[in-house]
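Subject: Structure handover and notes

Hello,

Please find the structure below, followed by my notes on what was found in it.

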Amino acid sequence: MLFLTATSIGLMAGLTRNIASIIAAALLIPVVFLVAALCGATTLTGLIIAILGFNFGLVNLIVAGALIHSFRHA
């Protein structure tokens with residue numbers, strides 16, 4: 001569930017096409033995990049999964065855009 005949530009955050013941040021929102025979302029993931037770690041409710045594995053999910057969402061957006069672009073010009 002964490003991976004899917006982070007993937008959707010990556011997709012939505014990428015869809016804005018605003019570098020500030022992408023950077024803000026990327027920086028908020030570790031901040032949220034830091035706050036959760038202060039409460040003792042998280043693991044390092046969860047942080048790694050969230051970061052990988054966020055990057056996966058951004059990569060999926062790029063791949064989908066490339067596929068759409070190739071189908072339009074074919």
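H1 passes H2 in a right-handed crossing, where right-handed means that the near helix is turned clockwise from the far one by less than a right angle, and left-handed that it is turned anticlockwise. Both are helices as DSSP assigns them (runs of H or I of at least four residues; strands would be runs of E of at least two), numbered from the N terminus. The axes of H1 and H2, the latter spanning residues 19-39, cross at roughly 155° and come within 8 Å. Axes here are lines fitted to C-alpha atoms, for helices over the stretch in contact, and angles run from 0 to 180 degrees between N-to-C directions. H1 and H2 are therefore roughly antiparallel to each other. The classes are roughly parallel under 35 degrees, roughly antiparallel over 145, roughly perpendicular from 65 to 115, and oblique for the rest.

Before the remaining points, note that this is a predicted model, in which local features need pLDDT of at least 70 and side-chain atom pairs count only at pLDDT 80 or more, while totals for chains, interfaces and linings use all residues. Residues are numbered from 1 along each chain as its sequence is written, and side-chain values use heavy atoms, with hydrogens and water left out.

Other helix pairs

H2 and H3 pack at an angle of about 165°, and their axes are 10 Å apart. That makes H2 roughly antiparallel to H3, and the crossing of the two is right-handed. For H1 and H3 the angle is about 40°, with the axes 7 Å apart. H1 and H3 are therefore oblique to each other, and H1 passes H3 in a right-handed crossing.

The loop between H1 and H2

Arg17 sits in the loop between H1 and H2. Its phi is near 55°, a positive value in a residue other than glycine. Most residues other than glycine have a negative phi, and most peptide bonds are trans. Arg17 is exposed, at a relative accessible area of 79%. The accessibility classes are buried under 20% relative accessible area, exposed over 50% and partly exposed in between, with a 1.4 Å probe and protein chains only.

Nonpolar surface patch

Which residues form the nonpolar patch on the surface? They are Leu2, Phe3, Leu4, Leu44, Ile48, Ile49, Leu52 and Phe56, and together they have about 740 Å² of accessible area. Patches are made of residues with over 30% relative accessible area and no salt bridge; like charges are joined within 9 Å, and nonpolar side chains (Val, Leu, Ile, Met, Phe, Trp, Tyr) within 5 Å. A salt bridge is a side-chain nitrogen of Lys or Arg within 4 Å of a carboxyl oxygen of Asp or Glu. Accessible areas come from the Shrake-Rupley method with a 1.4 Å probe, and for residues only the protein chains shown count as cover.

Helix H1 (2-15) and helix H3 (44-72) each supply at least two residues of this patch. H3 gives the largest share, five residues. Leu44, one of the patch residues, lies in H3 and is exposed, with a relative accessible area of 61%.

Ala24 belongs to H2 and is partly exposed, at 35% relative accessible area. Ala24 and Ala13 are 11 residues apart in sequence, and their C-alpha atoms are 8.9 Å apart in space.

Pro30 is also found in H2. With a relative accessibility of 34%, Pro30 counts as partly exposed.

From Ala37 to Ile49 the separation is 12 residues in sequence and 15 Å in space, C-alpha to C-alpha.

In H3, Ala66 counts as partly exposed at 44% relative accessibility. Ala66 and Met1 are 65 residues apart along the chain, and 27 Å separates their C-alpha atoms.

Regards
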